[in-house]
Amino acid sequence: QGAGNHTVLTEFVLFGLSSHTELQHLLFFTFCLVYTLTLIGNLLICMVTLHPTLHMPMYFFLRVLSFLDISTASVVMPKMLLGFLSEDRSISYLGCATQLFCVVFLGATEWYLLAAMAYDRYVAVCSPLRYAVIMNTRLCLALLLLSCCSGTAVSLVQTAWVFTLSFCGPKDINYFFCDIPPLVVLSCTDTSPYEKQMISATVLVIFTPFCLILLSYALIICSILKISSAESRHKTFSTCSSHLTVVTLYWASGTWIYLQPKSSNSQDTKKILALIYTTVIPTLNPLIYSLRNKEVKAVLIR
């Protein structure tokens, strides 16, 4: 429809990962396998952590993390897989807004959940005798609710801000899902005020939880160094290393993408980084947490 000299878009077109026709079937089978592994691995973690021997806050948070990973992959990957096999890669305006809301909600919620998991590890290492008292069911549920509420608020604000921008063409998104950076690039209005707001949001969503996580682990390391036995120190730190691995991957990919939503960095670079937190990390999380956790491995073997 015409609106002055502009065209009001009713849909977008997702370019996907690659425009090379000969690679589409290979990419489809590759990411179909990745998606299947993501679902199987995370569903296994969800079921395993329901075992009576694993009724601890750490495994409650791990179960929620697996659910969020399944959700993130399911929001992004089915549409991407269809794009490999179909010439029609369009997504409606409302569909794009919905996908963006879900991706931001799940990502922000996961960040705050990782901070809650770091606090859980801090209490377990630094106050082991009071762990059961401090990390009770009420606190765990409160931390989960706070994470979800924070994710919802961030997602509502970010989605509303992005879709108040004017999109008057072109409608081609050089990405494999609707995300903030490629949509900001498409806008035909001045986005500098939004970019400044985006930096503030990134600091709130990524750096604030990250600083809380760093503080928790700084206190954990101080406690570990006080342990006289080298074997005990190694065992204590190994329980935290899985979580640190996931946090590092999220932090590196998230900050690079969202600190400069309309930067000179190539969209191909951002697509690779987006793949890390939407497909690679959800696939690796079950392996990271199960292979380095004796209790989880024991239940899996049973």
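Colleague: Which helix is Q24 found in?

Modeller: This is a predicted model. In the model, Q24 is found in helix α1, which covers residues 24–48.

Colleague: Is Q24 buried or exposed?

Modeller: Buried means a relative accessible area under 20%. Q24 has 6% relative accessibility, so Q24 counts as buried.

Colleague: Which residues does Q24 touch?

Modeller: Leaving out residues up to four places away in sequence, Q24 touches S18, S19, G83, F84 and R89.

Colleague: How much space lies in the largest cavity?

Modeller: The largest cavity holds about 240 Å³ of space. It is lined by 17 residues, and the closest to its centre are G107, A108, V205, I206 and Y258.

Colleague: Which elements give two or more residues to that lining?

Modeller: They are α3 (93–126), α5 (137–162), α7 (192–225) and α8 (230–258).

Colleague: How do the residues of the lining of the largest cavity divide into nonpolar, polar and charged?

Modeller: In the lining of the largest cavity, 13 residues are nonpolar, four are polar and none is charged.

Colleague: And pockets? What volume does the second largest pocket have?

Modeller: A pocket is an open set of points, unlike a cavity, where the probe cannot get out. The second largest pocket has a volume of about 260 Å³. Of its 15 lining residues, A115, A116, Y119, L143 and L212 are the closest to the centre.

Colleague: Which element supplies the largest share of this pocket's lining?

Modeller: The largest share is six residues, from α3. Each of α3, α5 and α7 supplies at least two residues of this lining. By type, the pocket lining has 12 nonpolar residues, three polar and no charged.

Colleague: Which residues does UniProt list for "transmembrane region"?

Modeller: The unreviewed UniProt entry lists residues 26–48, 60–85, 91–119, 139–163, 199–225, 237–259 and 271–291 under that name. Such annotations may be inferred rather than shown by experiment.

Colleague: What does the model have over residues 139–163, helix or strand?

Modeller: Over residues 139–163 the chain is 96% helix and 0% strand, with end C-alpha atoms 36 Å apart. Over residues 199–225 the chain is 100% helix and 0% strand, and the end C-alpha atoms there are 36 Å apart.

Note on methods. Residues numbered from 1 in each chain as written. Predicted model: local features only at pLDDT ≥ 70, side-chain atom pairs only at ≥ 80, totals over all residues. Heavy atoms only, no water. 1 Å grid on protein atoms, 1.4 Å probe; cavity = no way out; pocket = protein on both sides within 12 Å on 5 of 7 lines; lining within 4 Å. Points joined across faces, edges and corners; volume = space filled by probe spheres on them. Helix = DSSP H or I, 4+ residues; strand = E, 2+ residues; numbered from the N terminus. Nonpolar A, V, L, I, M, F, W, Y, C, P; charged D, E, K, R; others polar. Buried < 20%, exposed > 50% of the residue type's maximum accessible area, 1.4 Å probe, protein only. Contact = heavy atoms within 4.5 Å.
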